[in-house]
Amino acid sequence: MRNRMLKRLSYLFTGESLSLILFVSISYLMNYTYPDLHLYSLFSFWSSFLLLEFILLQGSIYWFVKWKRLKREKTSVAPFTLVQRLRLSKKWNLGLITVIPGAFVADCMIWHPAFPLGLVIAGFIYVFAILEYINYFHIQLSYDNRSDINSIKQTKRFKQACLSKDFKRLEHLKADGRKLG
């Protein structure tokens, strides 16, 4: 069971880390290959892209720490300091999500009447970043193994995100007045 969990956590943090690197490479190649998209000229692209990268970085760190902890200490419970920092970053994420539409408005005003296709790509990136935010901080949206899919079939509902469970655990311990370390 422990080895299976180690593999799963390793899969999660390496996947998120690889995504971080690949998305940078893909954006560079797209901008280089299709300069008419004007990706690197759009505020909406940069703000959406950086939000996505920020959220993926948080996920990479979260899964890596859980993996490392399980490997060394035989527990995958996230440390309270990490959970507290991620709770703070949750607020930052939400703040960024709410102000980024302003970048789309600014780009529309700057590029009017032209409408570069890069705006559509930036929109997709923005939606993907929001979905990643939901997946990490609220409800698990990605189901890539048989047990997760069977769980959905049985319960007919999405699972709570692991980080969301950690936030609740932190709140319960605070309410109990325990010292957090």
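The secondary structure of the predicted chain consists of six helices and zero strands. Along the sequence, the elements therefore follow the pattern α-α-α-α-α-α. Taken along the principal axes, the box filled by the C-alpha atoms is roughly 55 × 35 × 35 Å. The chain has 181 residues, of which 36% are buried. Among the contacts with a separation of 6 or more, 73% are between residues 24 or more positions apart.

Two packed helices are described by the angle between their axes and the distance between the axes. Helix H3 spans residues 80-111 and helix H4 spans residues 118-137. The angle at which H3 and H4 pack is about 165°, and their axes are 11 Å apart. Angles over 145 degrees count as roughly antiparallel, and H3 and H4 are therefore roughly antiparallel to each other. The crossing of these two helices, H3 and H4, is left-handed. On the side of H3, the residues that take part in the contact are Leu86, Ser89, Lys90, Asn93, Leu94, Ile97, Ile100, Pro101, Phe104, Asp107 and Cys108. On the side of H4, they are Leu119, Ala122, Gly123, Tyr126, Ile130, Tyr133 and Phe137. Sorted by class, the contact of H3 with H4 has 13 nonpolar, three polar and two charged residues.

The loop between H3 and H4 holds Pro113. The peptide bond that joins His112 and Pro113 is cis, with omega at about 0°.

A pair of aromatic rings is described by the distance of the centres and the angle of the planes. The count of aromatic pairs in the model comes to 14. One of the aromatic pairs is formed by Phe64 and Trp67, with 5.7 Å from centre to centre and 35° between the planes. This pair of Phe64 and Trp67 is tilted, because planes under 30 degrees apart count as stacked, those over 60 as edge-to-face and the rest as tilted. Both Phe64 and Trp67 belong to helix H2 (residues 43-73), where they are three residues apart, about one turn of the helix. The relative accessibility of Phe64 is 33%, and this residue counts as partly exposed. Trp67, in contrast, has a relative accessible area of 18% and is buried, since buried means under 20%.

The aromatic pair of Phe137 and Phe167 is stacked, with 6.1 Å from centre to centre and 15° between the planes. Phe137 lies in helix H4 and Phe167 in helix H6 (residues 162-175), so this pair ties together parts that are 30 residues apart in sequence. Phe137 is buried at a relative accessible area of 1%, and Phe167 is also buried, at 8%. Phe137 is also one of the H4 residues that meet H3. Elsewhere in the chain, Tyr40, Phe45, Trp46 and Phe49 form one aromatic cluster.

Phe13 is part of helix H1 (residues 2-33). With a relative accessibility of 13%, Phe13 counts as buried. From C-alpha to C-alpha, Phe13 and Tyr62 are 7.7 Å apart in space, while in sequence they are 49 residues apart.

Positive phi values occur in two further loop residues, as follows. His38 is not a glycine, and its phi is positive, near 60°. The loop between H1 and H2 contains His38. At a relative accessibility of 28%, His38 counts as partly exposed. Lys74, also not a glycine, has a positive phi of about 60°. Lys74 is placed in the loop between H2 and H3. The relative accessibility of Lys74 is 60%, and this residue counts as exposed, because exposed means over 50%.

How values were computed. Residues are numbered from 1 along each chain as its sequence is written. This is a predicted model: local features need pLDDT of at least 70, side-chain atom pairs count only at pLDDT 80 or more; totals for chains, interfaces and linings use all residues. Side-chain values use heavy atoms; hydrogens and water are left out. Axes are lines fitted to C-alpha atoms, for helices over the stretch in contact, and angles run from 0 to 180 degrees between N-to-C directions. Helices (H or I, at least four residues) and strands (E, at least two) are DSSP runs, numbered from the N terminus. Angles under 35 degrees count as roughly parallel, over 145 as roughly antiparallel, 65 to 115 as roughly perpendicular and the rest as oblique. A crossing is left-handed if the near helix is turned anticlockwise from the far one by less than a right angle, and right-handed if clockwise. Contact means heavy atoms within 4.5 Å. Ala, Val, Leu, Ile, Met, Phe, Trp, Tyr, Cys and Pro count as nonpolar, Asp, Glu, Lys and Arg as charged, and the others, Gly among them, as polar. Rings of Phe, Tyr and Trp (its six-membered ring) pair if their centres lie within 6.5 Å; planes under 30 degrees apart count as stacked, over 60 as edge-to-face and the rest as tilted. Buried means under 20% relative accessible area, exposed over 50%, partly exposed in between (1.4 Å probe, protein chains only).
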